[in-house]
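Please look at the sequence and the model below.

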Amino acid sequence: MAIRDLSYLGDPVLREEAAPVEAFDDELKALVRDLFDTMVHEEGAGLAAPQIGVSSRVFVVDVRHEVGPEGRVALVNPRLVEASDETEKSPEGCLSIPGVSEVVTRPYRATLEGFDPDGAPITVTGEGLFARALLHELDHLDGVLFLDHLSALKRRMVLRKYRKHQDREG
Ligand code: NI
């Protein structure tokens with residue numbers, strides 16, 4: 001198993017549009033394994049490839065504690081096919097912006113299509129935290145962070161808190 005270094009806020013890789021995966025090869029399978037290993041190590045509910053410095057359209061999510069076995073998923077080249085009008089407000093954080101969280105409004109339900117690491121097409125529908133995790137990770141592939149969903153005022157507040165947290169961590 002390989003735990004990879006995380007990319008943090010300010011790293012340009014987090015703001016890039018990640019490139020589609022073109023080969024479902026051993027390199028991709030290793031990337032997916034590393035994403036799972038690193039997510040577990042960091043105690044996150046999801047992790048996208050750009051967060052370990054790889055600008056590739058791949059992410060993993062694990063919300064089994066909320067929804068059971070189907071809550072563990074790796075998606076390659078995902079796209080959003082449906083999102084509910086119904087929304088939910090819930091606190092959200094990001095392993096790339098440690099020490100802070102803020103309430104983000106997201107669709108309550110979302111359906112994504114993509115491929116598993118073997119190249120088989122898959123469709124994933126999540127509700128609540130599962131939908132939130134899927135949409136948060138999908139955002140990462142387009143260079144979008146949860147901060148971008150906040151009002152300018154809230155964003156400044158969160159960034160101030162983040163800098164304080166960084167100073168303490170030294
Ligand atoms: Ni994140």
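**Contacts and cores**

Val-61 is in contact with Phe-36, Met-39, Ala-45, Gly-46, Gly-71, Arg-72, Val-73, Phe-130, Ala-133, Leu-134 and Glu-137, when its neighbours within four places in sequence are left aside. The model in which these contacts are found is a predicted one.

Val-61 also belongs to the largest nonpolar core, which has 17 residues. Val-61 is listed there with Phe-59, Val-73, Leu-75, Leu-112, Phe-130 and Leu-134 as the residues with the most contacts inside this core. Two or more residues each come from strand E2 (58-62), strand E3 (72-83), strand E6 (109-115) and H3. Of these elements, H3 gives the largest share, seven residues.

As for pairs between aromatic rings, a search of the whole structure finds one.

Helix H3 spans residues 129-141 and contains Asp-139. Is Asp-139 buried or exposed? Its relative accessibility is 16%, and because buried means under 20%, Asp-139 counts as buried. Apart from neighbours within four places in sequence, Asp-139 is in contact with Arg-106, Val-144 and His-149.

Definitions and conventions. Residues are numbered from 1 along each chain as its sequence is written. This is a predicted model: local features need pLDDT of at least 70, side-chain atom pairs count only at pLDDT 80 or more; totals for chains, interfaces and linings use all residues. Side-chain values use heavy atoms; hydrogens and water are left out. Rings of Phe, Tyr and Trp (its six-membered ring) pair if their centres lie within 6.5 Å; planes under 30 degrees apart count as stacked, over 60 as edge-to-face and the rest as tilted. Helices (H or I, at least four residues) and strands (E, at least two) are DSSP runs, numbered from the N terminus. Buried means under 20% relative accessible area, exposed over 50%, partly exposed in between (1.4 Å probe, protein chains only). Contact means heavy atoms within 4.5 Å. A nonpolar core is a set of buried Ala, Val, Leu, Ile, Met, Phe, Trp, Tyr and Cys residues joined through side-chain atoms within 4.5 Å.
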